[in-house]
Amino acid sequence: MFPLTRNCRFTKFILPTHYNFPINSSLRKRCITSITPEISVDYLIIGGGVVGLSITERLSRRKGKSVLLVEKNSRLGEETSSRNSEVIHAGLYYPNDSLKTKLCIRGKHLLYDLLSSTSSIPFARVGKWIVAQDFEEEQYLRELYEKSKQIQVETYFLPQSEISAKEPYISGKQVLVSPTTGIIDSHSLMNYFEWKIKEQEGDIALRHKVVDIKRCSQDKGYLVQIENENLIITIRANSVINSAGLFSDKIANYILPPTHYYKLYYVKGHYFAYRNRENPIKVNRLIFPVPPRNLTNLGTHLTLDLQGKIRFGPDVLYQNSPNDYTMNHDRIHSFVDAIKTYIPSIKQEHLYPDYTGIRPKLQGPEEPFKDFIIKEEIEHGLKGFVNLVGIESPGLTSSLAIAEMVDEILLDK
C-alpha cells in the first residue's frame, strides 16, 4: 500500500513520483505536433477518479494487454471522487430499470465483498434512516418500501416508540430504515485501486491532459493527443474509455458528430460540519430527509465520517464552471432551515463551512431524472470507444459494477 501524503483536508494525496508513466527523454526536447503515435496501448482510460481507477484495475487483470490511465491533474481523485458524502448507497431511489439502480445494487455487493477481504479500506455499515415529516412524505416512504421489495433491497419501518429511544435528537413522524447503507474512506479505496493497478502491471500517467482524439485510418483504434509539460504526445489505443467525470462531455465531443454531442451541467454542493463541545448532538447513523421528486439530489442529509464527525449536505447550486469550488457562506441559512425539519434543536452557531463538491449532471434545472450514460459508440462507427457521461451519485458505490460493465462491453476487444 502506498503511503498517503495529505496536502489539504478531504481532497489531496500524492502518488510516488516513480509511478508516473515514463516518457522517453528524447520526446521532451521537442513539441510533437504530428499524429504519429509515440506510444501504443490496448486500453486507454481517461480520468483518474474512483470510476476510472476501478475500470483500469479491472482491465489490468487481462494478461498480455497493456493498460494506461491518464489524468490531467497532479493527483488522482482530485475532483468529484474526493468531494462527496462518502456514502455506500443501498440503491433505493432511482427507477427500477435504470443503470443507477442496477449498478448501485450490484456495486454495493461487490464493494462490501471487497471490503470484507481487505483491512486497508476503512468503512462502517452504519445504516440510514429516511425520515418523513408529514402525510405526503409518509406516503413516499410507503412507496419506497414497496419499491425496495421489488428490487430486493432490505428496508423496514421503525416503530414510532423506537425513534426517540434510538436517536433522541431526531424528529420524524415515520422512519424507513436502510440497514445496508454505509460509509467508506474514498481516498483509501482509490489508493487500493492504484496499488492493484501497479501490481497488475498497469500504468498511470499524471499531469497528462487529453486535447484531441482522432479515429485511426482503416478502423484500427484511436489517436489520442495528450499535453504534458507543454509537449503534445500522441498515443495510439485500440480502445478508449472516457471516464473524465466533469469533463467527460468535452472528451466525448472530440470525436462524436456535432449532432450527437453530450451536455453536462455543473452542480455545486456545499457541506457544513457540526461542532458543539459543551452540549453535543450525538447521532449513530445517517439521517436522510425525503428527497425531491425529480431526484436532483437526496436532500440536505446528515452523514458521519469514520471518526464520528457530523456533517450536512450537499445542497444544489447549478453553476457555469466545473472548477469553482468557492464556499458560499450564506448558504448556511438554507441549511439550518432544512436541518431543523429533522433536528429541531440545531443552532446555526454550531455549524461551520467544511467543503464543496461539484457533480456532473445530465439533467438541467427542473428537468426530470436522467440516467448514467455508459455505452460503446458503435452507432457512430466508434468501435471500442466507451463513453461514461453523467457519472455522479451513486458513482462511488457503483464503481466496481461500472468496471464490470465496461469489462463486458470490451470482452472481445
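These legends describe close-up views of helix packing in a predicted model. Residues are numbered from 1 along each chain as its sequence is written. In this predicted model, local features need pLDDT of at least 70 and side-chain atom pairs count only at pLDDT 80 or more, while totals for chains, interfaces and linings use all residues; side-chain values use heavy atoms, without hydrogens or water.

**View 1. Helix α1 packs with helix α5.** Helix α1 spans residues 50–59 and helix α5 spans residues 186–199 (helices are DSSP runs of H or I, at least four residues, numbered from the N terminus). Their axes come within 9 Å and cross at roughly 30° (axes are lines fitted to C-alpha atoms over the stretch in contact; angles run from 0 to 180 degrees between N-to-C directions). The two helices are therefore roughly parallel (angles under 35 degrees). Their crossing is left-handed (the near helix is turned anticlockwise from the far one by less than a right angle).

**View 2. Residues at the α1–α5 contact.** From α1 come V50, L53, S54, T56 and E57. From α5 come L189, M190, F193, E194, K196 and I197 (contact means heavy atoms within 4.5 Å). By class, this contact has 6 nonpolar, 2 polar and 3 charged residues (nonpolar: Ala, Val, Leu, Ile, Met, Phe, Trp, Tyr, Cys and Pro; charged: Asp, Glu, Lys and Arg; polar: the others, Gly among them).

**View 3. Helix α5 alongside helix α8.** Helix α8 covers residues 395–409. The axes of α5 and α8 come within 12 Å and cross at roughly 20°. That makes α5 roughly parallel to α8. This crossing is left-handed.

**View 4. Residues at the α5–α8 contact.** S186, L189 and F193 of α5 meet L396, S399 and L400 of α8. The contact comprises 4 nonpolar and 2 polar residues, with no charged ones.

Conventions: Parallel < 35°, antiparallel > 145°, perpendicular 65-115°, else oblique.
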